[in-house]
Amino acid sequence: MTSSELTDTDGPGPTRAFVLHPDIRADRDRRPAGPALEEAVALAAALPDLQVVGAEIVGLPKAQPGLLFGTGKIAELKTRIEATEVDLVLIDGPVSPVQQRNLEKEWGVKLLDRTGLILEIFADRAATREGVLQVELAALSYQRTRLVRAWTHLERQRGGLGFVGGPGETQIEADRRAIDDAIVRIRRQLEKVVKTRALHRASRAKVPYPVVALVGYTNAGKSTLFNRLTGAEVMVKDMLFATLDPTMRSLQLPDGAEVILSDTVGFISDLPTQLVAAFRATLEEVLEADLIVHVRDISHPDSAAQAEDVAAILADLGVSSEVPQLELWNKIDMVAGEARAELQAIADRREEVFTLSALTGEGIDTVLEAMGQALAPPRFAEVLDLPYAEGRKRAWLHEEGVIEAEEAGEDGYRISVNWTARQKQAFGAL
């Protein structure tokens, strides 16, 4: 189902949606229900054709295999759905094909689970050819799972001739085969994109600019920070998944070093596995990064849980723990009083953590210096005996700023330097 289908079948005007968050007590790893419901409503609001007319947390001892909810709760919700003239029910969590079919039958409305909703948002936002292909691949992978026992009207077709022919393939099998063919076709197209990206990375390797990847939970302020640092005009909006397609720009750090800054798609809890797989080609820029900058919305009440989700997705992508990381506590301007002072004190005690406001620019200079230090190659100390006749070499050492001490002797200078392997090699070539 696409966003257009959500509206075309229901006539003019936005689709009226009701959001339900199942708070299943048997799920020990569940997040607090309040912030989870708020996020689900924000997800729904990210689609322009949806109008959220109601939202509710539904407490459950455990999920019912056939209907998810108990029969009494289903009847209660049906009354509310009919009273508010709802067209679509969004369930913030996984819903099996059987549960989806049964609930749609009980309530007489369309139903989307969390994965389906996120796929709708991605389909609505994908702007580039690559993004469209990735969303199509994820949607097809998702739809393929929906075919299993999802449609009772697809009866077995007869194969062979007359009465001696054996049973033919079911319509479900035919649909699955068609989806598999489409998946193979899209993967071939994406392989070409991957090769193109590999060529771009190879060309960048010839001019060795380090890559700095901005990652973080959706709506953490990555694009705002990216625009402030690079002067780009990436769309910024207080909305989940405001930007999908990655953007790369060059950036000069205070020490004069040139880097490539990459703004990636935002992460989210329970990100569909189909999307993680489909967007792997895009997120390869994260895998190739020399520095990962994790941007957090420190003003969000669920910021710690969001950080855990980002860390889990990075691990799922295969990001090496050896890649240096900085953690930026963004939106510090939205925290006041003692809470802000406490956060600042915590950040000051951690070398890799910095507070800033991408909106106001507070803390940006400190962050840029930290990027430069994180990317700086290791230095080592050495003592050089330089004859007076080697004035050009001495001048070069001063220009590079590597001299820590200098003493004049009878035959020349004894110079203590602190330099990198590259600088030592350049010095030897003079």
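I started with E76, which pairs with R80 in a salt bridge (a side-chain nitrogen of Lys or Arg within 4 Å of a carboxyl oxygen of Asp or Glu); their closest N and O atoms sit 2.9 Å apart. This is a predicted model, where local features need pLDDT of at least 70, side-chain atom pairs count only at pLDDT 80 or more, and totals for chains, interfaces and linings use all residues. Residues are numbered from 1 along each chain as its sequence is written, and side-chain values use heavy atoms, with hydrogens and water left out.

Where do E76 and R80 lie? I found both in helix α3 (residues 71–83), four residues apart, about one turn of the helix. Helices (H or I, at least four residues) and strands (E, at least two) are DSSP runs, numbered from the N terminus.

Next I checked accessibility: buried means under 20% relative accessible area, exposed over 50%, partly exposed in between (1.4 Å probe, protein chains only). E76 comes out partly exposed at 36%, and R80 is partly exposed at 28%.

Then I looked up D297 and K331, whose side chains form a salt bridge at 3.4 Å, N to O. D297 is in strand β10 (residues 291–297) and K331 in the loop between β11 (325–330) and α12 (337–348), so the pair ties together parts 34 residues apart in sequence. Buried or exposed, I wondered about D297? D297 is buried at 9%, and K331 is buried at 17%.

My last pair was R340 and E362, a salt bridge of 2.3 Å, N to O. R340 lies in helix α12 and E362 in the loop between β12 (353–355) and α13 (364–375), so this pair ties together parts 22 residues apart in sequence.

Back to E76 and R80: salt bridges with shared partners join them with E56 and K73 into one network. For the whole structure I noted 14 salt bridges.
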